[in-house]
Amino acid sequence: MSYKTIVVNLAVDTDPAPIVKLAAELAQRFDAHLVGLAAADVPPLVSTGEGLVYEGEVMQIQRTEIEKRLAEMHGIFEKLVPAAVSSEWIQYVCGPTRALGQVARSADLIVTADGGEDVYRAVDIGSLVLGAGRPVLVAAANAEHMLGKTVLVAWKDSREARRALSDSLPFLVAANEVVVATMQSESAEDVRDSLADVAAFLEQHGITARTETVAGDADADRLLTFARSIHADLIVSGAYGHSRLREWAFGGVTRSLIGEGSVNRLLSN
């Protein structure tokens, strides 16, 4: 399998060059069609001396500023994507998370980076991962390349981890080393059997993987320490969470991985 359509999200308040270069490189590697997307929305309320009110003129000015910025980003995207890469551009005046959710219907992989906390101008990575139904590659801060030479698969015998394993196969096939690791406080036969089954699954896809058991309960710091010890430049993990009213509630490891900007992460739910 391979990624045939890659969507890259450009945050309007950050320099788009690193993420565009990274996504274009991936598109070349996988011979994929690259879709550049940028979106931002006008907050429904504006602050005046009399409080928070709807103000049509102010909102129109903000919309015009957004459209100007989106046009600038379109130009940067066109300039940085090599002519040899099949590409197109999409822009919306709406929330970035909503825009990506729509475009995800025709994507194999979504590539993004952390663009800030403003949900009107930056994607909510947690909501995207749990709602898009597609694997999301969250690039390390300002990363221009994603080599994926050593890939760490954070394994847990769960639906989410199985989904992430399948979603990451194109990266795993191309990696020099694949390490499948699980965190376990006590050694158990079912854990060994689970890792053996994963290794057998990967072998069927032509991937030789090393399996490891990291002592201790599931903990993001322990996982990241192990990733650094093997010089992993990509962590593959299932995303564990659920909706609580209108907010996402995450497991501790997932929450930490979403906020960890030192390494590339591929997350699936």
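In this predicted model, the largest nonpolar core comprises 53 residues, within which Leu34, Leu137 and Phe171 have the most contacts. Helix α1 supplies the largest share of this core, with 8 residues. Apart from it lies another core, made up of 39 residues and including Ala99, Val123, Leu130 and Val253. In soluble globular proteins, nonpolar side chains tend to be buried together.

The surroundings of Phe171 were examined with residues up to four places away in sequence left out of the count; on that basis, Phe171 touches Tyr3, Leu26, Arg29, Phe30, Leu109, Leu137, Met146, Gly148, Leu234 and Leu266. Leu137, one of these partners, is also named with Phe171 among the residues having the most contacts inside the largest core.

Helix α2, which runs through residues 56–80 and contains 25 residues, reaches 36 Å from its first C-alpha to its last, close to the 36 Å expected at 1.5 Å a residue. Ile66, Leu70, Met73 and Phe77 are buried in α2, and the buried residues of this helix pack against β1, α1, β2 (33–40) and β5 (87–93).

Val12 is located in the loop between β1 (5–10) and α1 (17–30), and it counts as buried because its relative accessibility is 4%, under the 20% cut-off. Although Val12 and Ala122 are separated by 110 residues in sequence, their C-alpha atoms are 7.3 Å apart in space.

Definitions and conventions: Residues are numbered from 1 along each chain as its sequence is written. This is a predicted model: local features need pLDDT of at least 70, side-chain atom pairs count only at pLDDT 80 or more; totals for chains, interfaces and linings use all residues. Side-chain values use heavy atoms; hydrogens and water are left out. Helices (H or I, at least four residues) and strands (E, at least two) are DSSP runs, numbered from the N terminus. Buried means under 20% relative accessible area, exposed over 50%, partly exposed in between (1.4 Å probe, protein chains only). The expected span of a helix is 1.5 Å times one less than its number of residues. Contact means heavy atoms within 4.5 Å. A nonpolar core is a set of buried Ala, Val, Leu, Ile, Met, Phe, Trp, Tyr and Cys residues joined through side-chain atoms within 4.5 Å.
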